[in-house]
Amino acid sequence: MNPAEELKQLFPDSVVSVGLQIKKPLAIIKKEDLLNVAKKVKEMGFDNLSVITGIDYVDRFEVVYNFFSYTKKQNLVLKVILDHKNPEVASLASIWKVADWLERETYDLVGITFGGHPNLKRILLPDGWIGHPLQKDYDMNVEQFVTVGEDGEDIVSTDGTNLLRR
Amino acid sequence: MDPLTIDTTKIKMTKKQPVTALDKLNDTGLISTVLAAREREGLILFSTIDQVFNWARLSSLWPVTSGLACCAIEMMATAMAHHDVARFGMEIFRASPRQADLMFVAGTVTKRMAPRVKKLYEMMPDPKWVISVGSCANTGGPYHESYSVLKGVDLIIPVDVYIPGCPPRPEAWIYGIIQLREKIKNQGYGAKWGLNK
């Protein structure tokens, strides 16, 4: 029995469906119960949260968590489906420390809000950036430029003042 | 006629002994300088300084140590013994832009890196030159449609030589360096008045 099916037995109400994703056991979780399931996943020995992915499917957002267990040499994929208007899900930073930065990256580029995150701000783009670039409705026609202010802070502008040659 | 059958004993090499100062200068072999001296006597010193400056500048171009992406790996390969950029007097990659007069923009110029690249260029003392290396620095390359990459480093700083490639091989780097040396050789009043030929 693979870990996704184990989860289905333990949380029959929380796990929507199980399957495989690129030969890895996959479990789709209700977004309200993610924190409870994740605590159990940690107890099952999945000590490494490899990557968090956010995907914009136009009608919905999906967040994919890839886990790996160094003791059991097993993979597990958890997936939550969020509605497109208000994509919010509980943060896993209290369980896996690495989730702090991974969730900040997902917030920065895909725009998914993680409730209960200790420091949810942009990690790659500067603070003043407009929009989340990996969303499908991101406006690519408006080019944004970054300049450095007097105190070393990043200033975002759409006209490239102080940066482009005249 | 077969060149081996020419009787070289019948050909006499005659050499004029230098008498005047102009003849002595002629004897040194600086042909362009001598021609300049014959044509415009008053300008000879000026064009000579130009030539000497250009020669000094192109013979010891010191690049600033800065690499942005994978092109910088090729820059290291160019600097190493196999391709040996020390032949051009460029082996000293300076750690400070204050001591450098050439910048390789080697790699992807992201939007956040762009003001830093510009600052690095502005910190370099004149005279300074820029070589843009690789598709990313030239035009944005594979990231041209991206939100986070500048579409060519020439949007922010003037570029003297573009080297295409992704990344360019060290041979292409050396060809670009030779092009820049040609450019430096032909700058200034000497070249403008046709004296450097």
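Modeller: Residues are numbered from 1 along each chain as its sequence is written, and chains are lettered from A and ligands numbered from 1 in the order in which they are written. As this is a predicted model, local features need pLDDT of at least 70, side-chain atom pairs count only at pLDDT 80 or more, and totals for chains, interfaces and linings use all residues.

Biologist: Why is strand S2 (residues 129-133) of chain B called mostly covered?

Modeller: A residue is buried if 20 or more other C-beta atoms, placed from the backbone, lie within 10 Å of its own, exposed if 12 or fewer, and partly exposed in between. In S2(B), 5 of its 5 residues are buried, so the strand is mostly covered. Trp129(B), Ile131(B) and Val133(B) lie on one side, and Val130(B) and Ser132(B) on the other.

Biologist: How do you know that strand S1 (residues 102-106) of chain B pairs with S2(B)?

Modeller: Strands are DSSP runs of E with at least two residues, helices are runs of H or I with at least four, and both are numbered from the N terminus. Two strands pair if DSSP finds at least two bridges between them. S1(B) and S2(B) are joined by 5 bridges, and therefore they pair; they run parallel. Within this pairing, Val105(B) stands opposite Ser132(B).

Biologist: What makes the crossover from S1(B) to S2(B) right-handed?

Modeller: The term applies if, with the strands pointing away from the viewer, the path from the first strand over the helix to the second runs clockwise. The chain passes from S1(B) through helix H5 (residues 114-123) of chain B to S2(B), and this β-α-β crossover is right-handed, so its path runs clockwise in that view.

Biologist: What pairs with S2(B) over 3 bridges?

Modeller: Strand S3 (residues 161-163) of chain B does so, in the parallel sense. Here Tyr162(B) is the bridge partner of Ser132(B).

Biologist: What makes a set of residues a nonpolar core?

Modeller: Such a core consists of buried Ala, Val, Leu, Ile, Met, Phe, Trp, Tyr and Cys residues joined through C-beta atoms within 7 Å. The largest has 35 residues, and those with the most contacts inside it are Met103(B), Val105(B), Val109(B) and Val133(B). Its largest share, 5 residues, comes from S1(B). A second, separate core has 30 residues, including Phe61(A) and Tyr107(A).
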